[in-house]
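I opened my notebook to look up pockets, a surface patch and some salt bridges. Here is what I went through.

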Amino acid sequence: MIWILALILGLLACFVAVLIARTLAFKPPVEPPLEVVPVEVDKQAIAERLAEMVRSETISSQIERAEVAEAFETFPAVLAQLYPYVHEACSLTHIAPSGLLYRLEGKSSAEPVVFMAHYDVVVAEDQSWEKPPFDGIIEDGMIWGRGTLDDKGPLCGIMEAAERLIAEGFVPDNDCYFAFSGDEEIAGPTAPAIVDEFERRGISPALVIDEGGAVVADIFPGVSQPCALIGTAEKGMLDVELKLHSKGGHASAPPPHTIVGELAQAAVNIEKHPFKFKMTPPVEAMFDTLGRHSTFAYRLLFANLWCFAPVLDMLCKAKGGELNAMMRTTCALTMMQGSDATNVFPTTATMVGNLRIIGGETPESATAYLKSIIDNPDVEYRAIRSMPPSKNSVVTGKSWEMVKSAVAQTWPDTLVSPYLMFACSDSRHYGRISDAVYRFSAMTMNKEERATLHGHNERISIDELARTVQFYTRLMQQC
């Protein structure tokens, strides 16, 4: 017994030693000094031009309104007025139904770069805003309005950078394309049509940059530095309707189970049995990058996920939110409908789940999992709309380093990391033609500002908009 105990203690000591050794070795790489090249910009003039874009009420909606349609028709003219050098130097192709594809010819076409944005915005209820959402008000160092963050701010940054560089006589080493769509918010057909045009021209971009992550703080456990999160992939999406039927009847004599109760049980089963924990390449890269900068306790966890993955899984399930969404397919139940009368059983009851599908899974496999945990053969499943997860972009090589360099120069002392994007964007279509598709909204956003995306009181500071322009200028200079 003594020898057995000694052996167990010895093995335990070796195990602890391995954990500690791996943790101590899990430290950030030594980065070479970075030379920051100043980029001077006219902040107030840039703010005025973004405000002018905001005043174009380009609301994406399934409901057509004459004034909205007119805004989409005139927005290209607004850009032409604001950025004459771009429109003189670049060719412009209109891609139906709402695409604008500019080409700035470079010295070579070997490694073209695509700068993406969208100029459509979501609806805004005037009465819920402190300032009118489409007046483009500039006040106390802020530009107010729908689209300032999503996504006319980045579009402004791209056009400002190009206008400035072209005016100075800049010619990029490689062709630069500015690809703007007007129906991203409704997952419209424009971005796929633009990619079709690239394919028709035989163009395979060396780099594609679109909206996505941002510079954020207090986002990763144990890390105090701001983090620039660059989406290297995005989750898929599935809206699925669950439906049950009954003969209806009067509610005065209820049966043991109603179809509303059965759907309620299905909801309980879904929440009690989350999808399986899964580490995807973007999340692994994020943990490997940011985990090295965290406190010792978290470094112990992230350096030894081969051992502590179940602990991380348990923490994610308990906490929910963004960390949990990185680790699994999620299902949010968002709509339920039954009878229209208080005393009548519904003949049909429905519930809708919005699923965000992690890499390696599909809408079909996610539906199969729901069926297995709901375990009710009477439930009918109908996919309302779906899209698979994007492919993973590379996080090594010239294109990745170009983006990292532009971020590091614009936001010094910021940690640059890959991450998995939960929302869907136009950039997912570009996986057909490029292995380097990155999703980064070039601005700092705190939690309150992120809440204004598709919410009330969307706005950006003049100083932050200037940094957006500086980022795109530095990136364009490397093309």
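Predicted model: local features only at pLDDT ≥ 70, side-chain atom pairs only at ≥ 80, totals over all residues.

What volume does the second largest pocket have? I got about 760 Å³. Of the 27 residues that line this second largest pocket, Glu 31, Lys 404, Thr 414, Leu 415 and Val 416 are the closest to its centre. Helix 13 gives the largest share of that lining, five residues.

Residues are numbered from 1 along each chain as its sequence is written, and side-chain values use heavy atoms, with hydrogens and water left out.

I wrote down the pocket rule too: on a 1 Å grid over the protein atoms alone, a pocket is an open set of points where a 1.4 Å probe fits, with protein on both sides within 12 Å along at least five of seven lines, and lining residues have an atom within 4 Å of a point. Volume is the space filled by probe spheres set on the points, which are joined across faces, edges and corners. Helices (H or I, at least four residues) and strands (E, at least two) are DSSP runs, numbered from the N terminus.

Next I looked up the largest pocket, and its volume is about 950 Å³. It has 33 lining residues, and the closest to its centre are Gly 212, Met 421, Ala 423, Cys 424 and Leu 453. Strand 7 gives the most to this lining, with five residues.

Then came salt bridges (a side-chain nitrogen of Lys or Arg within 4 Å of a carboxyl oxygen of Asp or Glu). I found 23 salt bridges by this rule. Glu 160 pairs with Arg 49, their closest N and O atoms being 2.6 Å apart. Glu 160 is in helix 5 and Arg 49 in helix 2, 111 residues apart. Glu 160 is buried at 6% relative accessible area, and Arg 49 is partly exposed at 25%. For those words, buried means under 20%, exposed over 50%, and partly exposed in between (1.4 Å probe, protein chains only).

Lys 398 and Glu 111 also meet in a salt bridge, 2.9 Å from N to O. Lys 398 lies in helix 13 and Glu 111 in strand 3, so this pair ties together parts 287 residues apart in sequence.

My last entry is a network of salt bridges that links Asp 196, Glu 199 and Arg 432.
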